[in-house]
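I opened my notebook and loaded the model. My plan is to look things up one at a time and write down what I find.

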There are 2 protein chains.
Amino acid sequence: MSEVDLKRRILTEVQEELTAIEAAIEANLTPHADLAREIAGHLLFAGGKRLRPLLMVLGSRLCGYQGGYDVTFSTIFEYIHAATLLHDDVIDGGTLRRGRPTAHRIWEPPAVVLTGDFLLARALSIAARAGRLRILEVVAGVTEEMAQGEILQLQRKGHLDLTRDEYLRIIRCKTAVLFEGACRVSALLADAPAGAEEALSRYGHHLGLAFQMADDLLDYTEDSTALGKVPGADLREGKLTLPVIQALARASEADRQKMVEIITRADFSTETFKGLVSLLHRYDGIEDTRRQAAMEVSQAKAALGFFPDSRVRGILMDIADFTLSRTS
Amino acid sequence: MSEVDLKRRILTEVQEELTAIEAAIEANLTPHADLAREIAGHLLFAGGKRLRPLLMVLGSRLCGYQGGYDVTFSTIFEYIHAATLLHDDVIDGGTLRRGRPTAHRIWEPPAVVLTGDFLLARALSIAARAGRLRILEVVAGVTEEMAQGEILQLQRKGHLDLTRDEYLRIIRCKTAVLFEGACRVSALLADAPAGAEEALSRYGHHLGLAFQMADDLLDYTEDSTALGKVPGADLREGKLTLPVIQALARASEADRQKMVEIITRADFSTETFKGLVSLLHRYDGIEDTRRQAAMEVSQAKAALGFFPDSRVRGILMDIADFTLSRTS
C-alpha cells in the first residue's frame, strides 16, 4: 500500500481517538502562568502526529481497557515529548520545527527552558493522578533515561568516530524509551497480564528505533521544504546518524576525506549536500539504514503476535508499516 | 544566641545526619553519563547547606520514623533544588554561585540545562522507589508549582510595579513549596497522622518564606564577597525583592525617581548601590522585610507546637531562628 493510502487508512481508523486526544492535550494544559501555556501551545498545536498518546490509547484498548482514563493519561507522553523538543531546540539552536519558527526565536530562551520544565512536571502530576505506583515508576524512569540520552548525544556531537552502537544507544534513550514507556503504561493501565505488558513494550521499543532511523533517513531522502526543516539539519548541528556512520565506515580513504570535509563544515551549500548524499548512496549508507529500520518494524509487528487478531491490532500493525513507508 | 553560636549548636546536633546525607547525595548520583555527574557535582559539592534534605530527615524522626530510607529519600530535595539552580543560573546569566563560577561558565549552557533535566528525573526516580503513591504526588506537585513560579518570576522580571502579593506568590512557588514538600514527605514517610503532616507542612511553608525573605535581604545587608555573589546581584538581574518593593511604595516622588534610575541601570557602581541601600533603610524597606521574615519564623515555630518537646523539635526550632539570625 502506498504511503498516502496507508496514512489515510490509519487516520480514518483512529479519527475518534485523535479528536479525543487533541481535546485532552488542550484541556490538561492548565498552567497558572499564561506564558507557559502560550509557549507550550505554539509547539503543541503545530500539527504534531500525536503518535505517542495514540500508541498508549490503542495499547490500552488492545488489552481490553474499558475505563475512561486512557485519553487523559495519554497526554503525558505528548507533554514529555514536547518538553524534550523545546529543550532540544534551545540546545541545538534549531530554527524550524513543524514548519514554524522554533519557540526560542519568538520568546526568550529562558522562558522556553522553563516551559519545558513545566511540561515535564505537568506530565508527572497527571501520571500521579492515575493512582498506580508502577505507572509512575515507568514514567519517572523514562524521563531519566531520556535526559541521559540527550546528554550522551550532546557529548558525542561533532565526533566523527561515533559508532553504530553509540548511535543505537542514543536513539534508544531519546526516542525508543518513550515509545516503549507509552506502550508499557497502556498495558499497566489496563491491568494486563505480564505477557501482554512485555509484548506491547517490545512493540514500542522496536517501533521507536524504526521511527528514529526513518526520521534520520528523511534528512537525506526527502525534500527538506516538505519536512519543514533546513536541508541537512542534523549534519549542520553536528549530529551523525546511521546513514553517515555506515557510509563513513565503508568509504575509500579519498571519499571518506571528502565526506569529512563536508560534515565538518556546517555551512555547506545545497549542491555540496547533494554530493554528500550521493556518497551515502554509493556506500550503501542509506539503503542499509532503511533495511535496519525494516528489521525493527518486523520485530515490532512480531511482538504483536502475542495478541489475537483484532481491529486495534491491525491499526498498530499499520502504524509500524507507516513508519517505514515515510522513507521510501 | 549569636548567629555563630546558633550555627555551631545546630551543626553539632545534626553532624551525623549531615554526614549520611552527604554520602547519599554522592551515592545516588549515578548517571550513566559522566558529564552529567561532573556538572551536577560541581554545584552539588560546592558546600550547599543541605537544608532541604536535613528538614526531611529531621521531620521523619520527629514523627518517630525508624526505617532506613529517610536519608536516601532526602536527596530528592537536594537534587530538585540543584536542578532549579542550574536552570536558574543559565536563565539569569548568573556568574557566581556558592563562591564558584556558575556551571554554564565552565560547560556549554545546553549541557547544564540537560543536567538539570537529569537531576529532576533522578529525583523522581528515587521518589518512585519509596513505593508510596502519595509521596510521588507531592513531589510531582512541587516540581509543577516550582516551574510555574519560575515562569512568573521571569515574566515579571524588570517590572517596577511588582506588588508585594506577587512577590509572595513567587517566593512561595520558588522556595516555600519545596521546603513544605520536604516536610510533608517526611511525615508521609513516617506514616504520621494527618495532624502531624499538616503541622510539619506549615512549618516548612513558613520557614521557606522566611528563608527566602532573609536571602533576599542579604543582597542589601551583607558584604557581598562573604556571600560569594556580586553586590546587588538580584537588582542587576532585574529581580525586585521585598526591601525594594516596600521602599518604592513608600518613597517620596523624588526619592522614588532616584531609586528607579538606579534599579533600571544594571551596571551601577558600588557607590551608587550604597546610595540605594541607604534609601531602602530610610523607607523602612529593610527593617520591614526583617520584621515580616521574623513573623514567618514565629509561625513556623508555632506549628511545631503540635509536637511534644524533644531533641529533634529543638533542632527544628533552632533552624527557624538561624534563618533569621543570618540577616541581623
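**Entry 1: the core.** Which residues have the most contacts inside the largest nonpolar core? I noted first that this is a predicted model. I found that A:Val139 and B:Val139 hold that place, in a core of 214 residues. I then listed what A:Val139 touches, leaving out residues up to four places away in sequence. The list is A:Ile76, A:Ala123, A:Leu124, A:Ala127, A:Gly181 and A:Val185. I also wrote down a general rule: in soluble globular proteins, nonpolar side chains tend to be buried together.

**Entry 2: H6 and H7 of chain A.** I went on to a helix pair that includes A:Val139. The axes of H6(A) and H7(A) cross at roughly 165 degrees and come within 9 Å. An angle over 145 degrees counts as roughly antiparallel, so H6(A) is roughly antiparallel to H7(A). I recorded the crossing as right-handed. From H6(A), the contact uses A:Leu120, A:Ala123, A:Leu124, A:Ala127 and A:Ala128. From H7(A), it uses A:Ile135, A:Leu136, A:Val139 and A:Thr143. I sorted the residues of this contact by class: 8 are nonpolar, 1 is polar and none is charged.

**Entry 3: where the chains meet.** How many residues of chain A are in contact with chain B? I got 36, and they meet 36 residues of chain B. Four helices of chain A each give two or more residues to this side: H2 (34-44), H4 (70-92), H6 (109-129) and H7 (133-155). H7(A) gives the most, with 14 residues. By class, I wrote down 22 nonpolar, 9 polar and 5 charged residues for the side of chain A that touches chain B.

**Entry 4: H2 of chain A.** I looked up which residues of H2(A) are buried. They are A:Ala36, A:Ile39, A:Ala40, A:His42, A:Leu43 and A:Leu44. Their partners in chain A are helix H1 (3-27), H4, strand E1 (96-97), helix H5 (103-106) and H6. These buried residues also pack against H8 of chain B.

**Entry 5: H8 and H9 of chain B.** I turned to chain B. Helix H8 (residues 133-156) and helix H9 (residues 164-189) of chain B pack at about 165 degrees, with axes 8 Å apart. H8(B) and H9(B) are therefore roughly antiparallel to each other. Their crossing is left-handed. I counted by class again: the contact of H8(B) with H9(B) has 13 nonpolar, 4 polar and 8 charged residues.

**Entry 6: B:Ala36.** Is B:Ala36 buried or exposed? I found 28 C-beta neighbours inside 10 Å, so B:Ala36 counts as buried. B:Ala36 sits in helix H3 (residues 34-44) of chain B. I also checked B:Lys49, 13 residues apart from B:Ala36 along the chain. Their C-alpha atoms are separated by 21 Å.

Entry 7: Most residues other than glycine have a negative phi. I noted two cases with a positive phi. A:Asp191 has a phi of about 55 degrees, and A:Asp284 has one of about 60 degrees. A:Asp191 is in the loop between helix H8 (164-189) and helix H9 (194-221) of chain A. A:Asp284 is in the loop between helix H14 (270-282) and helix H15 (285-303) of chain A. A:Asp191 is partly exposed, with 13 other C-beta atoms within 10 Å. A:Asp284 has 14 C-beta neighbours inside 10 Å and counts as partly exposed.

Note on methods: Residues are numbered from 1 along each chain as its sequence is written. Chains are lettered from A and ligands numbered from 1 in the order in which they are written. This is a predicted model: local features need pLDDT of at least 70, side-chain atom pairs count only at pLDDT 80 or more; totals for chains, interfaces and linings use all residues. A nonpolar core is a set of buried Ala, Val, Leu, Ile, Met, Phe, Trp, Tyr and Cys residues joined through C-beta atoms within 7 Å. A residue is buried if 20 or more other C-beta atoms lie within 10 Å of its own, exposed if 12 or fewer, and partly exposed in between; C-beta atoms are placed from the backbone. Two residues are in contact if their C-beta atoms, placed from the backbone, lie within 7 Å. Ala, Val, Leu, Ile, Met, Phe, Trp, Tyr, Cys and Pro count as nonpolar, Asp, Glu, Lys and Arg as charged, and the others, Gly among them, as polar. Axes are lines fitted to C-alpha atoms, for helices over the stretch in contact, and angles run from 0 to 180 degrees between N-to-C directions. Angles under 35 degrees count as roughly parallel, over 145 as roughly antiparallel, 65 to 115 as roughly perpendicular and the rest as oblique. A crossing is left-handed if the near helix is turned anticlockwise from the far one by less than a right angle, and right-handed if clockwise.
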